[in-house]
Structures are given as C-alpha cells and as structure tokens.
Amino acid sequence: MKKFKLYLVAPMVLMLTAFSCDKDDDFETVETTATLFWTGDIAVDGCGFSVHIGEKSYKPENEGDIDDSFKVYEPTTVEVKLVHLGQRDLACGMLPGKSKRDFIRVLSIKKR
C-alpha cells in the first residue's frame, strides 16, 4: 500500500514544482537606456527589431510584443526593461545561413 501512495504522491509533487516556477525567475532583470532599430519585416528580408546597448546589439525574442508605433526606420532612444537570454542562431534578411546573436526578452519599453 505504501508503494501505491508513493506512485500517487511523486507525480503530484513534480507537477506542482513544474507549474509553480516562473520562467523569468532565473534571469536578472535589467533596466537601461537603449537605441531601438527597425530593419523591416522578416517576411520581406528584414530582421525585425534590434536593440543596441552601448556597443552591443541584441535581438528581442518577443519582438511581436513591441508596439507597431516603434516600426520606424530612424533609430529610437528608449527606456527598456529586459532579461538576457544568451546566444542563439538567427537567420534573417538576405544573409545566407544562420549567425549567432545575443537574445533578450523585452519586459517593457517606452520612448525616452
């Protein structure tokens, strides 16, 4: 009977642990001033948004959450709250193959 209870309790504990975690908890939140660039829709050989902080360029993984009012071809100075996600492969634009890019998740963004 004890084995039967263990088989019931173990999956319940695993489910509670898995669903109680927020996926952003492991990442440090950063608030900074950045320059936002719009390079055009990926569907028409653009690369979407690019966020520049200092000398580094980042690709937002959730760029669909960035308001369409930011889709202008002039650089826009913004206040951004984000988390760094590390490097990933990216293929966009007219460049052949994939390249490594630093990705971020934008939590909030507003014009400065």
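Here is a short chat about a few residues in this predicted model.

Local features need pLDDT of at least 70 and side-chain atom pairs count only at pLDDT 80 or more, while totals for chains, interfaces and linings use all residues. Residues are numbered from 1 along each chain as its sequence is written, and side-chain values use heavy atoms, with hydrogens and water left out.

Colleague: Is Cys92 buried or exposed?

Modeller: Happy to look! Buried means under 20% relative accessible area and exposed over 50%, with partly exposed in between (1.4 Å probe, protein chains only). Because its relative accessibility is 10%, Cys92 counts as buried.

Colleague: Which residues does Cys92 touch, not counting those up to four places away in sequence?

Modeller: A contact here is heavy atoms within 4.5 Å. The C-alpha atom of Cys92 is separated by 6.6 Å from that of Asp45, 47 residues apart along the chain. The residues that Cys92 touches beyond four places in sequence are Gly46 and Cys47.

Colleague: Which side chain of opposite charge is nearest to buried Arg101, and how far away is that side chain?

Modeller: Good one. Lys and Arg count as positive, Asp and Glu as negative, with His and the chain ends not counted. A salt bridge needs a side-chain nitrogen of Lys or Arg within 4 Å of a carboxyl oxygen of Asp or Glu. Arg101 has no salt bridge, and the nearest side chain of opposite charge is Asp102, 7.0 Å away.

Colleague: Where is Arg101 found?

Modeller: Strands (E, at least two residues) are DSSP runs, numbered from the N terminus. Arg101 is found in strand β5.

Key: Helices (H or I, at least four residues) and strands (E, at least two) are DSSP runs, numbered from the N terminus.
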